[in-house]
Amino acid sequence: MYLAVFIMLTINPIENNHIDHLRDLKWQKRVLVVNTSDRIEIKKLTAAHFKDLNDRDFVVIQLNGHEAYFDNKKMSKRFTKSLLKKLKNYDESNYFILLGKDGGVKNSFTKGTEMRTIFDQVDRMPMRMNEMRRKINRD
């Protein structure tokens with residue numbers, strides 16, 4: 001488990017000190033916001049679904065009230081403000097909030113939602129379908 005988290009941190013170029021606004025991720029990463037105060041839960045989630053998250057260019061952001069975290073590190077106030085502004089119409093009952101590479105909110109999910117449901121939704125998106133076709137053509 002710790003190896004998977006370490007690999008994710010090594011492969012993932014996103015570091016909280018280089019990301020100062022939500023738009024810094026636009027067209028680069030999909031964002032999965034997880035609305036929880038439980039940091040261990042986030043570690044377990046990213047470790048258990050490392051390959052699927054990585055294949056789909058996800059960054060997992062923990063939202064705990066008015067604070068955002070990436071890899072257990074608090075994001076800047078500017079980043080957090082931009083995220084909260086994007087999510088202003090969502091309440092805490094939305095456990096997962098999916099943002100596309102275009103920066104738009106794609107869907108929100110309750111806590112009981114399985115990650116497979118989120119991945120399946122992403123895989124049906126036109127941009128993701130193009131990514132999968134390009135990958136097949138490269139291989």
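Let's begin with lysine 106, which has its place in strand E6. Keep in mind that this is a predicted model. Lysine 106 counts as partly exposed because its relative accessible area is 33%, and the cut-offs for that class are 20% and 50%.

**Around lysine 106**

- Leaving aside residues up to four places away in sequence, lysine 106 touches Leu98, Leu99, Gly100, Gln121 and Met125.
- Methionine 125 is 19 residues along from lysine 106 in sequence, and the two C-alpha atoms are 9.7 Å apart.
- Strand E6 itself covers residues 105-109 and stands at an edge of its sheet, with a single partner strand.

**The chain as a whole**

- The protein chain has six helices and six strands.
- Reading from the N terminus, the elements go α-β-α-α-β-β-β-α-β-β-α-α.
- Of the 139 residues in the chain, 44% are buried.
- Take the contacts with a separation of 6 or more: 60% of them come from residues 24 or more positions apart.

**The sheet**

- The six strands make an open sheet in the order E4-E3-E2-E1-E5-E6, and the pairing is mixed.
- Strands E4 (73-74) and E6 are the edge strands; each has a single partner, so one side of each lacks a neighbour in the sheet.
- Helix H5 (residues 115-123) packs on this sheet, where it touches E1 (30-35), E2, E5 (96-99) and E6. The direction of H5 makes about 160° with that of E6.
- E1 and E2 pair in the parallel sense, with six bridges between them. Arginine 30, for instance, has phenylalanine 58 in E2 as its bridge partner.
- How much of E2 is buried? Six of its seven residues are, so the rest of the structure largely encloses this strand.

- E2 (residues 58-64) and E3 (residues 67-70) run antiparallel and are joined by three bridges.
- Asparagine 64 has glutamate 67 in E3 as its bridge partner, and leucine 63 stands opposite alanine 68 in E3.
- Two residues lie between the strands of this hairpin, and glycine 65 takes a positive phi near 70° there.

**Threonine 36 and helix H2**

- Threonine 36 lies in the loop between E1 and H2. Is it buried or exposed? Its relative accessible area is 10%, so threonine 36 is buried, the cut-off being under 20%.
- Aspartate 38 caps the N-terminal end of H2, with a side-chain oxygen 3.1 Å from the backbone nitrogen of isoleucine 40.
- H2 spans residues 39-48, and its buried residues are Ile42, Leu45, Thr46 and Ala47.

**Rings and a charge**

- A search of the whole structure turns up two aromatic pairs. One of them is tyrosine 95 with phenylalanine 96, an edge-to-face pair with 4.8 Å between centres and 80° between planes.
- What sits over the ring of tyrosine 69? The charged end of arginine 39 does, at 4.2 Å from the ring centre.

**Backbone spots worth a look**

- Tryptophan 27 has a positive phi near 65°, and it is a residue other than glycine. You'll find tryptophan 27 in the loop between helix H1 (2-11) and E1.
- Asparagine 72 also has a positive phi near 65° without being a glycine. Asparagine 72 is in the loop between E3 and E4.
- At 30% relative accessibility, asparagine 72 counts as partly exposed.

Methods:
Residues are numbered from 1 along each chain as its sequence is written. Side-chain values use heavy atoms; hydrogens and water are left out. Rings of Phe, Tyr and Trp (its six-membered ring) pair if their centres lie within 6.5 Å; planes under 30 degrees apart count as stacked, over 60 as edge-to-face and the rest as tilted. A charge sits over a ring if NZ of Lys or CZ of Arg is within 6 Å of the ring centre and within 35 degrees of the ring normal. Buried means under 20% relative accessible area, exposed over 50%, partly exposed in between (1.4 Å probe, protein chains only). Helices (H or I, at least four residues) and strands (E, at least two) are DSSP runs, numbered from the N terminus. A polar contact is a pair of N or O atoms within 3.5 Å; within protein, one must be able to donate a hydrogen and the other to accept it, and residues adjacent in sequence count only if both atoms are side-chain atoms. Two strands pair if DSSP finds at least two bridges between them. Contact means heavy atoms within 4.5 Å. Axes are lines fitted to C-alpha atoms, for helices over the stretch in contact, and angles run from 0 to 180 degrees between N-to-C directions.
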